[in-house]
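Me: I would like to go through a protein structure step by step, with a question at each stop. Could you show it?

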Amino acid sequence: MSVQSVKRRLAPSDIAAFKGVRPIVSLTAYTTPIAKLLDPHVDFMLVGDSLGMVLYGLDSTVGVTMDMMIAHGQAVMRGSRDACVVVDLPFGSYQESKEQAFRSAARILKETGCSAVKLEGGAEMAETVDFLTQRGIPVLGHVGLMPQLVNTTGGYRSLGRNDKEANKIRRDAKAIDDAGAFAIVIEGTVEPVAREISTGLRAPTIGIGASPACDGQILVTDDIIGTFNDFKPRFVKHFANLAPLMSEAFANYAAEVKARTFPSAEHTFQVKNKTA
Ligand code: KIV
């Protein structure tokens, strides 16, 4: 096999190069089976710290740990081959200093094999983004609504409706772009602001609740298949509704076990008859 014929995963630089060419497609993945299903369809998968709420039933993403992110990052890498995999830096693993951020990000890259990390933050994190990218760690930025800040911002409402909020998001996005992020997630931001930012930046913007004006889109996979129904923000669309199908399967299983109709002969091992 020639070296040229070996297909490699999309890299963060490939994602950046899609800007202006075609929309970038992304979804979250936390497990091997979901990563396998997503791999042919997305440009990058995000092992998001949303897994704290979606998989572990936490109230916010604040309680998510490095060990959780690494275990799920490894699972997603095992299930994917072509898509770029990005793993979130959890709350408390990077905000203290750029050195702390480097240690955490390097550990994630080494222990999972993923290609990049994501961190939340605007102008205050620009120095850190520059420090990481200069040292071989591609960074996906995240501005606008930042779920890790829920305890200081007080909620998950959309932003950018007044000048103060809009200017802050503009400044944050520009600072992270100048610092070298390969792409920037914009969350929960009104369309005119997201559009203006997307047009002005070098890096592609990846919207979640930030309008079709962004250069790509990301959603939480469990939201689009209807398996996480604690709340449904306006920007989520159910592309399938699997929860009722799953409930029906569980109910049918329980009924068959109780009625002793499962397991039937076809699901039962027998000793083979000895032939003379
Ligand atoms: O944690 C997450 O899943 C995210 C998103 C952008 C979906 O940050």
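Me: How far does a polar side-chain atom of D49 lie from an oxygen atom of the ligand?
Reply: This is a predicted model, in which local features need pLDDT of at least 70 and side-chain atom pairs count only at pLDDT 80 or more, while totals for chains, interfaces and linings use all residues. Residues are numbered from 1 along each chain as its sequence is written, and side-chain values use heavy atoms, with hydrogens and water left out. For D49, the distance from a polar side-chain atom to an oxygen atom of the ligand is 3.0 Å.

Me: How far is an oxygen atom of the ligand from an N or O atom in the side chain of K118?
Reply: A polar contact here is a pair of N or O atoms within 3.5 Å. S50 has a polar side-chain atom 2.5 Å from an oxygen atom of the ligand, and for the side chain of K118 the distance is 2.9 Å.

Me: What is the phi of S211 near?
Reply: Most residues other than glycine have a negative phi. S211, found in the loop between β7 (205–208) and β8 (216–219), has a positive phi, near 80°.

Terms used
Polar contact = N/O pair within 3.5 Å; in protein donor to acceptor, adjacent residues only side chain to side chain. Helix = DSSP H or I, 4+ residues; strand = E, 2+ residues; numbered from the N terminus.
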